[in-house]
Amino acid sequence: MPSFNTLCIHGGQEPDPSTGAIITPIYQTSTYVQEELGKHKGHEYARTSNPTRAALEANLAAIEGGRAGFAFASGMAAINAIASLLEQGDHVVVTDNTYGGTFRLFERVLTRSGLTFSYVDTSDLALVEAALTPATKMLFIETPTNPILRLTDLTAVTALAHAHGVAVVVDNTFASPYVQRPLEHGADLVVHSTTKYLNGHSDSVGGIVIAVRDEHIEWLKFVQNAAGAILGPFDAWLVLRGTKTLAVRMAQHNANGMAVAEFLASHPRVQQVFYPGLPSHPQHALAARQMRGFGGMVSFDVGSLEGARTVLNRLRLFALAESLGGVESLVCHPVTMTHASVPEERRRAIGLSDSLIRLSVGIEDIEDLKADLVQAIGE
Ligand code: P1T
């Protein structure tokens with residue numbers, strides 16, 4: 001089996017059969033001409049299959065170490081496709097500090113179809129076990145969480161879930177498959193917003209589900225076509241271009257993330273830093289076991305909303321924007337931006353304060369990033 005860096009570039013890739021092009025072309029077509037009735041080259045209609053999308057799906061399945069991948073129009077569409085594995089009356093246990101859009105999909109959309117969700121701190125196995133009911137069919141884990149960067153022990157939680165016949169889904173968006181490999185810990189499904197590290201260049205929105213079990217693969221293939229929230233060929237091509245440099249980008253995100261976290265941790269005006277790579281992180285030992293490097297996401301608290309506002313408005317190289325995982329650094333204010341759909345009392349319960357600032361540390365020169373933080377926060 002080729003190593004990770006090689007799989008990023010070559011996994012699932014073949015020269016184009018019609019021309020030998022080394023890069024899979026953008027098959028920008030809606031349909032495929034059949035030679036005669038019932039005789040075609042493996043593709044009939046582009047919602048059902050597209051060679052560019054298929055090349056991306058094979059690439060991402062190889063990178064995550066899964067058996068099949070299914071690409072969707074966004075990370076949320078991918079999560080919605082996973083939820084379609086469930087039926088009315090089923091119950092899901094969800095990491096409490098999940099992306100705000102995931103919470104909104106579950107609470108505002110899927111509860112209308114008779115699904116129920118319990119939000120628990122999945123870093124605490126006893127809480128997970130206590131939340132399981134006879135109706136629980138799925139455990140939806142985000143680790144590290146967005147934006148508090150709390151971790152869940154994937155090996156332990158998967159063993160617990162499987163002992164109760166519950167499938168485990170891991171949203172691996174924040175870590176990327178370079179940093180964390182949920183399927184190797186026993187997870188059943190991995191989901192990504194490809195919008196983030198996998199694409200890596202902030203120029204495409206998409207999602208992927210990686211599956212290992214026959215019944216999941218069969219259903220996801222069916223529902224991708226039946227519901228039709230597919231990733232378009234141009235976006236598939238962009239993500240495929242992105243994954244070729246995933247390994248080198250992630251090594252630099254890891255290095256810059258660590259350096260920024262250490263810089264913030266030593267800054268007198270910063271009250272708290274959330275980063276799994278810091279020894280002060282309550283789950284640093286787990287992070288060192290479960291992750292390869294600690295990623296490029298760093299959150300910190302300057303103690304007051306006014307202070308946060310000043311920093312957010314002063315930063316220059318860190319652009320004020322939602323999203324993450326691109327080569328350029330971004331900063332956001334989760335309470336009013338990415339997590340505005342989470343009710344205030346829930347935000348308080350998970351420790352998401354009004355003064356929290358979230359950084360997506362890019363791969364620019366670290367000295368330039370530190371200089372920007374100094375001019376924004378002060379000496
Ligand atoms: O934006 P979309 O491609 O639909 O992905 C949704 C999503 C799913 N899971 C996680 C962990 C995410 O962080 C996201 C999207 N997050 C942001 C836009 C953000 O700024 O946090």
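Helices (H or I, at least four residues) and strands (E, at least two) are DSSP runs, numbered from the N terminus. With that in place: Gln-180 is found in the loop between strand 5 and strand 6 (189-193).

A word on the source. This is a predicted model, in which local features need pLDDT of at least 70 and side-chain atom pairs count only at pLDDT 80 or more, while totals for chains, interfaces and linings use all residues. Residues are numbered from 1 along each chain as its sequence is written, and side-chain values use heavy atoms, with hydrogens and water left out.

Back to Gln-180. Is Gln-180 buried or exposed? Gln-180 is buried, at a relative accessible area of 0%. Buried means under 20% relative accessible area, exposed over 50%, and partly exposed in between, with a 1.4 Å probe and protein chains only. The Gln-180 side chain reaches the backbone oxygen of Thr-143 at 2.8 Å. I call that a polar contact: a pair of N or O atoms within 3.5 Å; within protein, one must be able to donate a hydrogen and the other to accept it, and residues adjacent in sequence count only if both atoms are side-chain atoms.

Next, strand 4. Strand 4 covers residues 136-142, and six of its seven residues are buried, so the strand is largely enclosed by the rest of the structure. Two strands pair if DSSP finds at least two bridges between them. Strand 2 (residues 91-95) runs parallel to strand 4, with four bridges joining them; His-91 stands opposite Thr-136 in strand 4. Strand 5 (residues 167-171) also pairs with strand 4 in the parallel sense, over five bridges, and Val-170 of strand 5 is the bridge partner of Ile-141. Strand 4, helix 6 (residues 154-163) and strand 5 make a right-handed β-α-β unit. Right-handed here means that, with the strands pointing away from the viewer, the path from the first strand over the helix to the second runs clockwise.

Now helix 3, residues 75-83. Seven of its nine residues are buried, so helix 3 is largely enclosed by the rest of the structure. Among the buried ones are Gly-75, Ile-79 and Ile-82. At the N-terminal end, Ser-74 caps helix 3, with a side-chain oxygen 3.3 Å from the backbone nitrogen of Met-76.

Gly-75 takes us to the ligand. A polar backbone atom of Gly-75 is 2.9 Å from an oxygen atom of the ligand. A polar backbone atom of Ser-323 is 2.8 Å from a ligand oxygen atom, and a polar side-chain atom of Asp-171 lies 2.7 Å from a ligand nitrogen atom. How much of the ligand does the protein bury? Taken alone the ligand exposes 480 Å², and the protein buries 93% of that; areas come from the Shrake-Rupley method with a 1.4 Å probe. There are 17 residues around the ligand, and Asp-171, Ser-193, Thr-195, Ser-323 and Arg-358 come nearest; the cut-off is a heavy atom within 4 Å.

Five strands form an open sheet in the order 8-9-12-11-10, with mixed pairing. Its edge strands are strand 8 (272-274) and strand 10 (319-320), each pairing on one side only. Strand 10 runs parallel to strand 11 (residues 330-332), and two bridges join them; Ala-319 has Leu-330 of strand 11 as its bridge partner. Leu-320, in strand 10, counts as partly exposed at 46% relative accessibility.
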